[in-house]
Amino acid sequence: MSELLELRAVTVRFAAQGRASDARTITAVDDVSFGLATGEMLGLVGESGCGKSTLGRAILRLVPLAAGEIHWQGRRIDDLDRRRFRNLRRELQLVFQDPHASLDPRMTIGESVAEPLRALAPGLSRSQRTERAAALLDEVGLAPELADRYPHQFSGGQLQRAVIARALIVDPRLVVCDEPVSALDMSVQGQIVNLLARIRRERGLASLFISHNLAVVAGLCERVMVMYVGRIVEIAARASLVPAPLHPYTRMLLDAVPRLDALARRRTATAGRAVNYTTVSAARGCAFAARCPHALGICHAERPVLQPLGQGRLVACHRASEWPGGLRKL
Amino acid sequence: MSAGGGLWRDALRRLAGNRAALASAAVLALMCTAAAVGPLLLDYRQEQIDWDHMAVAPLAVEGHWFGTDRLGRDLLVRTLHGLRVSMSIALLATLVSLVLGVSWGAVAGYLRGRTDALMMRVVDVLYALPQVFFVIILTVVLGRSPATLLAAISAFGWLTMARIVRGQALALREREFVDAAIVGGAGSARIVARHIVPNLLGPVIVFATLTVPQVILVESFLSFLGIGIQEPLASLGNLIADGAAEMETAPWMLAVPAGCLVLLVFCFNFLGDSLRDALDPRDH
Amino acid sequence: MTLLEVTGLTVDFEGPRRIRAVDQVDLSVGPHDCVAIVGESGSGKSQLLLACTGLLAANGRAGGSVRFDGIELLGAREAVARVRGRGIGFVFQDASGSLTPHRRIGDQLAEAGVAATGGSRRAALADAQRMLERVRLADARQFLTRYPHELSGGMRQRVAIAAALMPRPRLLFADEPTTALDVTVQAEVMALLGELCRDLGMAMLLVTHDLGVVAGLADRIAVMYAGRIVEASAAARFFSGPGHPYSAGLLNAVPTLEDQAGAEFRTIAGTPPRAGTILPGCRFEPRCAQARERCRHEDPPLLVHADAALACHYPLTRDGRQ
C-alpha cells in the first residue's frame, strides 16, 4: 500500500479511576482503523474525552495498545522492541498542546529544541546541534538570539513555535499535532496554524492534525476524521464533509461553529435536554444514540460499523444511507 | 548544570529580602568560620589541661572566656572542636543521604511498577529497623570512631529523602515535558538526570537543610549515650553529657555546648523553612 | 439607573515590579443588561471581575470605585460579604470553583438558598429541584442526591449556574463560563444563560476570550487590551463593523466554515503584551496594520459618544476602511 501510516483495529484502554470497588476500564480508543498517505494533512476532530489525543499518543508509543496494529511504511511497528522503535522516532514526531507544559522550565529554549538530536542524531557534535537549533528557530520565526532564554520569559505563541521547531529538528516524515493551538490566544492561533501549513508544504510532511475546532480542521486538512467516545464515526474529504455531513454527530459539530451571518442574531436556547452520557463508553449500541435526534431502536441495540459509502467516504451510522445528500442544518 | 536561570535568581532574591533568614545564614556562617579557624587562633589546645584553673566559671580567669571543664580544659576551644566534629558529620551524612536518597527515589519514581515497588520495599524495611540498635551493633562490630558513626547515620539518613524524592518523581513523570523527551528519543537515564532531578531540587534542598539539624541531634544523642564520639575527641553530644553530670556545680559546662546546639539547630531549621517559602511562591 | 457602576478602576500587583493589570476602566451595567468583556491574555479582564467581587489575590490592590446599587464595594469587606451570594452571583470557568466535591448537589444548592433568603431547608430543596429543571437537567430530582464528580463537565457547569442563581441575584458575574466545555455544549449553556437572564430579570457581566461565544447573547460588548477598554458598543453594531483595529482583527480571527479551504488563516501579527508592559503610545500599535506615526507617540484616550466608546486615533469606518 502507498500508505505511510496505517492503523488497524487499534484499541487503547485505561483502568478507570474512582472507587476501588468499580474496577472499570475505559476504552479510550475503540477499534480505530485508517491510513495516512505521504505528505497528506489528515484532520482528526472530536470533543474532550473522545480519545483523539490518546490516539495520537498511541501512535508515538506514549501509551500501549490493548489491541490492533500500527504499520509504518508497510512494516508493523507496534510490536518493535524499545531500541528499534527509538530509531524510528526520527521519523515520527509530536507537537503538544500546552507549550508551557511540554517544555522543561529548567532548560533554555535552545537546549530543548536541540535535545532530540542527542539521541536521534548521535553523530553531531555539540556545536553542530546548536547550529541546527538556531536554524530551526529561524525557520519557525523566532530570532536565534532567543535560544538562551527560559520558557517563562516567552508568550504562549512564541513557545509553541519552539515546540514545533523541536519536533522538526530531526527531519521527521510524519508530525502528529495534538491540539497545537487550543491553549493559545485567539489572535495568535492563526499564526501557528499558518506556520504549520507552510512548513508542511515546504517539507512535504505528512501530518495528523488533532483538534476540537472543526472550523480550523476543515480549513487546514484535505481529509477529516470525526471521533466520538473512542470511535471514528465519519471519514470524508473536507469538500464533502462540510456541505454534506453523513453522521448526525458531524452535523452537530458543524452547527456549533460560529457563523459570520449568525453573529449578530440572537440565539435561542436549544431544546435538547442534557443527557447523562458518562457511562456511554460501555454502551452496547451506537455511542451517540443517547444524544442523536435520528436514533431508532437498532441504534440502541447494535453498534454501527464504519461503512464505505462511495467516493472515499466512510460512516458509522445505521441510517446514513437515508440521507445521501448529507444532513441539513438543524 | 544550567539551572532554571530566573527561577533560582528569583528565589535568592526573595530569600535575601527575608531579614530573619539572612540573620540565620549570617549566624551559621559565623559559627562555621569559628569552628574552622577558631581553634587555631586561640591559645589553648582542646586536650590541653590547665592545672591551675579547673572548673572555673566563664570570664573568671583571663584567657578562658567560656570557663573550663572538670579537667581544666578550655571550654571555648572544646566547644568549637565539638562544633567542628558535629557539623562535619552532619554535612557529610546529609551529602550521602542527598546523593543516595535522590538517586534511589528518582529512579524508583520514574520507573514505577515492580522496580519501584521493590526499591521502596527496601526503604520500608530499613525504615522499620530501630536505628539506635543498629548503631550499637555497628559500633560493636566496627569499633567506635567518627567514621562508624557517620556510616551508621548515613545508613538511615537517606530513607526519608528517598521517599520524598520518589513522590516528586512520580508526579514529574506525568508532566508533558517528560513525554516530549521520550518522543525525542531520550532514554530513561537521561530523562531522570536531565529532567526529573533538576525539577525536584527545590524541595530536596529544603529537605536537606532541615536534615542537617536532625543529624546533629541524632549524633549528639548517640554521643550523649556514649555510643558516638568518644573522649578525648569532643562533639556537642559528649560535651553536653559531661555538662549534664556537672549541672549543679558548674552549669556553664552544660550551658555553653547546649546553647551552641540550640542555636545551630534553630538557624538551620529557620533557614530551611525560609528556603521553602522562597522557592515556592504563591504568586506567579 | 445603573446596577453596577465601575469608575476609574485600577488593579495593581505588588512584586519585584509593580504591575498594572487594569488601567482606569469605566463600566456600567444596567438592571437588565448583558455585558460581555472580551480580551486575551494580559488584557486584565479576569482581574477586573475579581476586583469587583473582592476576590483579588493577596498582593493585588484595587483602586477607583465599584458601586453596586449605590453601595461602594471596593475596600469595604462587609459590604462585599453581604452582597456576595445575595445581590451578586458568580459562575467560574471551572464548576469545581463553586461546587464542593464531597457534598451532595442537593445539599449544596439548598444551603445556597437558605443562606441567602432564610426559610426552611425543605423549601430550599424544593426550590433547588426547580432550579435544576430551569437549567435544563433532565429528571432533576435524581441530581439532588448525586455528587459533582458523577456528572459530566457540561452538567456540572449547569449545576454551578443553578447554585449561583439560587439566591436570585440581580447581577451575575461569569468568568469564562463555557471555556472548559465541549463546543457542542458551549452553545447550549450560553443560550441557557441568556434565557435565564431574560426570565429572571437578571443582569450579567461576562468575561471571555471567545468572541464567537458571546454572539447572540450580549447586549453590549467591551473589548479590553493590555488593561484598558479599547472599544465598547452595542452588540449588533459591534458585529457588523467594529471601530477598533484590534476588535476587527479579533473578529476576523474567528475561523468559520465559510472560509475558503486551504486559504491562510486570518490573524493579528505579534503577541498580546504581558501585563505591566508600558508603552509610550498606543498599546496596540506594535501589532496594528494601520498604525501611523502618531500612534507610536500618543496614547489614544477612550472617547465616548452616543452609546459607544473607542480609543483609537484612526478608527475604522463601517466598511472597514479608515
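C:Gln24 lies in strand β2 of chain C, where helices (H or I, at least four residues) and strands (E, at least two) are DSSP runs numbered from the N terminus. The phi of C:Gln24 is near 55°, a positive value in a residue other than glycine. Most residues other than glycine have a negative phi. C:Gln24 is partly exposed, with 16 other C-beta atoms within 10 Å; by the cut-offs used here, a residue is buried if 20 or more other C-beta atoms lie within 10 Å of its own, exposed if 12 or fewer, and partly exposed in between, the C-beta atoms being placed from the backbone. The model is a predicted one, in which local features need pLDDT of at least 70 and side-chain atom pairs count only at pLDDT 80 or more, while totals for chains, interfaces and linings use all residues. Residues are numbered from 1 along each chain as its sequence is written, and chains are lettered from A and ligands numbered from 1 in the order in which they are written.

The strand that holds C:Gln24 belongs to an open sheet of 4 strands in chain C, with the order β2-β1-β4-β5 and antiparallel pairing; two strands pair if DSSP finds at least two bridges between them. The edges of this sheet are β2 (19-29) and β5 (71-72) of chain C, each of which pairs on one side only. Strand β4 (residues 60-68) of chain C runs antiparallel to β5(C) and is joined to it by 2 bridges, and C:Phe68 stands opposite C:Ile71 in β5(C). Strands of a sheet pair through backbone hydrogen bonds, either parallel or antiparallel.

Chain A also has an open sheet of 4 strands, in the order β2-β1-β4-β5 and with antiparallel pairing. Here the edge strands are β2 (25-37) and β5 (75-76) of chain A, each pairing on one side only. Strand β1 (residues 3-15) of chain A is joined to β2(A) by 9 bridges, and the two run antiparallel; A:Val12 has A:Val29 as its bridge partner in β2(A). Helix α1(A) packs on the sheet, touching β1, β2 and β4 of chain A, and its direction makes about 65° with that of β2(A). Such angles run from 0 to 180 degrees between N-to-C directions, with axes that are lines fitted to C-alpha atoms, for helices over the stretch in contact, and two residues are in contact if their C-beta atoms, placed from the backbone, lie within 7 Å.

In the loop between α1 (52-59) and β4 (67-72) of chain A sits A:Arg61, whose phi is near 60°, a positive value in a residue other than glycine. A:Arg61 counts as buried because it has 20 C-beta neighbours inside 10 Å. Chain A contains 11 helices and 12 strands, and buried residues make up 50% of its 330 residues.

Chain B, by contrast, has 10 helices and 0 strands, and its C-alpha trace spans about 75 × 45 × 30 Å along its principal axes. Of the 284 residues of chain B, 41% count as buried. Among contacts in chain B with a separation of 6 or more, 69% are accounted for by residues 24 or more positions apart.

Chain C is divided into domain 1 (1-87 + 170-258 + 265-280) and domain 2 (96-168), with bounds that come from an automatic or database domain assignment. The contact between these domains takes 13 residues from domain 1 of chain C and 14 residues from domain 2 of chain C. On the domain 1 side, helix α7 (residues 183-200) of chain C supplies the largest share, 6 residues.

Between chains A and C, the contact takes 46 residues from chain A and 45 residues from chain C. On the chain A side, α7(A) gives the most, with 8 residues.

The largest nonpolar core has 276 residues, a nonpolar core being a set of buried Ala, Val, Leu, Ile, Met, Phe, Trp, Tyr and Cys residues joined through C-beta atoms within 7 Å. The largest share of this core, 16 residues, comes from helix α3 (residues 75-111) of chain B. C:Val214 is one of the residues that touch the most other members; leaving aside its neighbours within four places in sequence, C:Val214 is in contact with C:Ala36, C:Val38, C:Leu206, C:Thr208 and C:Ile221.
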